[in-house]
Amino acid sequence: MYQYRDIDRDFVRQRVEQFRDQVRRRLDGDLSEDEFKPLRLMNGVYLQLHAYMLRVAIPYGTLSSDQMRRLAHIARRYDKGFGHFTTRQNVQFNWPKLIDIPDILGELADVDMHAIQTSGNCIRNVTADHFAGVAADEVDDPRIYGEIIRQWSTLHPEFTFLPRKFKIAVTGSPADRAATRFHDIGLILRKGGESGDRIGFEVVVGGGQGRTPMVAKTIRDFVPEQDMLSYLEAILRVYNMLGRRDNKYKARIKILLHETGVEKFTQLVEDEWRHIKDGPLVLPVDTVAAIRADFALPPYQDAAAASDGFEPARVANPDFDLWVTRNVHAHKQPGYAIATVSLKPVGGIPGDATAEQMDAVADLADRFSLGEIRVSHEQNLVFAHVRRADLFALWQALQAIGLATANEGLVSDIIACPGLDYCALANARSIPVSQRISSLFDDMRKQHDIGELKIKISGCINACGHHHVGHIGILGVDRRGTENYQITLGGDAGPDANIGTIIGPGFDDDGVVAAVKTLIHRYLDIRDDGERFIDTFRRAGVRPFKEAVYGSA
Amino acid sequence: MALLRNGRLADDPWIQISGESPVPEGEPVILDYERWLEEKDRLDGRNAPLGVRLASDQPPSLIADDLARFSLVALEFPKFADGRAYSYARLLRERLGFAGELRAVGNVLRDQFVFMERCGFDALEVHGGDPEAAYAAAKGEITHQYQPTGD
């Protein structure tokens, strides 16, 4: 992974002291809350329903075991003993005191971490495919470019007061595990250029969820690697100058793109780009090479030795086999595997991990995955370098700490926002609904029989729980003072990006849980062999599902 | 109100013309964009420096053809959170080659001084406190920059 240079280290330290002074000036009354707000947001500090919340950046979702241990320490010392991994590959602490936050940032700086630009109307922490670097299907490692974007966007003087927040995701794989088409900018790595073998990006713009969900549009099929930053700067400049500032709900780039039209918008970007393309933002080959070297694959063993004993263990242990079926993925390197550590125990809180679990995960990463951990946007953790021979021992160790749930991509692998239990914006609770739905099928074999099914729950229209792209999406709203839940079907965050459609009137919390159960039973009744829920929905349409829930008209 | 020029308190010889006030002869004046449009022909050949003030929805492309006539361009920050003028400043300096005084006016706060300067502003209209000390402190906070601008 990226190794901090001295300048990075000096920078995060200076940033801590700068914020310490800003907190002091706030507490002294030199700064009004209005003036302080964007400063704290730029350092990841939100004011939530009950307390301040600190959101720590995990750039493109990769962290070391030492960094994970530091997060555990912060959870213990400054919070209530747990942290929450988010859909943005960040980690949130829900109960820090404002006065402690400069010290927490100092503790993070000690391990080359920060909370810079995890909120505010600026370029946010960049996200990437959680299988980056090791996925069998990728063109190149998106983290190389994620790191370059992280640096370029850090305290960018021109783009710190944008009309609204700005999210960039990078994927190296056609499978698009980073949901790039639901970001302000998505970069999809591909080979192209005249010779067809140069690295570059398809650039998609204007995706997003929230109250106006939109799938991003391609504005350029191929931007060569060297021009990545100038192209990004051109897009950001057009947005900074023309994005709406009169209404925060219309301020995202997706609205500008929509109101301007893709053709005109693309023309504006291209005109701007023409001026700056060959300027100081051209990426030097050496710079890319130096960062690429940091992400070089570690020394692996040969395939035969690395796989020793794996197949017999699978045959002998059906529960292990179940876990392998869902949570283990193909690796670039023969003999190795990628393993997902589910943070979705049945009945648990999606994405939460206790300090003890974080420490244990760090130790397991050292033992089994070269000391490195990933955070996925689906709120799980990933070990990216596991010898197949070690999978059984890893699984046993995960069982001991309650993190061996064999449910990746299944009905209980739910994404949920913090909802009304924590969030000042929420209209309804998300977590309890998620807990009850995940408990509907507590027999793991039944969940495997149901197969891939992505349920996503948001506690308000801002859609942090990604309900728009859930195969089954649930949106909590306030209906005359009571919590009400609407169901959408058919959303998809992947390459077949789609926004789900509402199937009818909403339900109370009991009703929505029952309705999800009914939808799943209808799917089981009508599915063809090998069809996933989303396939059946695409084939059969909304009608059979609607009838199951509301009765026939 | 005080004026910081390159971090030092400076005299401000410029007169900002508001509303329909007459334009004094022989004095450096700053006109808003609308007034400039009205008066530009009449001001031809006037023997004193001219400045123009752009609101945050008035991009520098509006004055690109007349830029040689201005010794000063003032860009407004109606609220510090309205960041359009950062882009305008860079365009003026880096694209249009404006070499005169580029002044930030409006809600100009200490925690944004460095961003403004990096985008090409060399003069800041500030309010309250000890601006030179605030500027010096702000300058010293972060010494590494991750991206090239015109600076």
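Analyst: A:Gly504 is in contact with A:Lys546, A:Val549 and A:Tyr550, leaving aside its neighbours within four places in sequence. Contact here means that the C-beta atoms of two residues, placed from the backbone, lie within 7 Å. The model is predicted: local features need pLDDT of at least 70, side-chain atom pairs count only at pLDDT 80 or more, and totals for chains, interfaces and linings use all residues. Residues are numbered from 1 along each chain as its sequence is written, and chains are lettered from A and ligands numbered from 1 in the order in which they are written.

A:Gly504 sits in the loop between strand E20 (501-502) and helix H17 (509-526) of chain A. Helices (H or I, at least four residues) and strands (E, at least two) are DSSP runs, numbered from the N terminus. A:Gly504 and A:Lys546 are 42 residues apart in sequence, yet 7.6 Å apart in space, C-alpha to C-alpha. A:Gly504 counts as partly exposed because it has 13 C-beta neighbours inside 10 Å. On that scale, 20 or more other C-beta atoms within 10 Å make a residue buried, 12 or fewer make it exposed, and partly exposed lies in between.

Now the domains. Chain A is divided into domain 1 (6-110), domain 2 (135-290), domain 3 (303-400) and domain 4 (415-550). These bounds come from an automatic or database domain assignment. The centres of domain 3 and domain 4 of chain A, taken over C-alpha atoms, are separated by 27 Å. Each of the two gives 10 residues to the contact. On the domain 3 side, 4 are nonpolar, 4 polar and 2 charged. Ala, Val, Leu, Ile, Met, Phe, Trp, Tyr, Cys and Pro count as nonpolar, Asp, Glu, Lys and Arg as charged, and the others, Gly among them, as polar.

Next, the cores. A nonpolar core is a set of buried Ala, Val, Leu, Ile, Met, Phe, Trp, Tyr and Cys residues joined through C-beta atoms within 7 Å. The largest has 123 residues, and A:Ile235 and A:Val361 have the most contacts inside it. H6(A) supplies the largest share of this core, 10 residues. Beyond four places in sequence, A:Val361 touches A:Met68, A:Val341, A:Ile373 and A:Leu381. A second, separate core has 40 residues, among them A:Cys423, A:Ala463, A:Val513 and A:Ala515.

Last, the partner chain: 26 residues of chain A are in contact with 22 residues of chain B.
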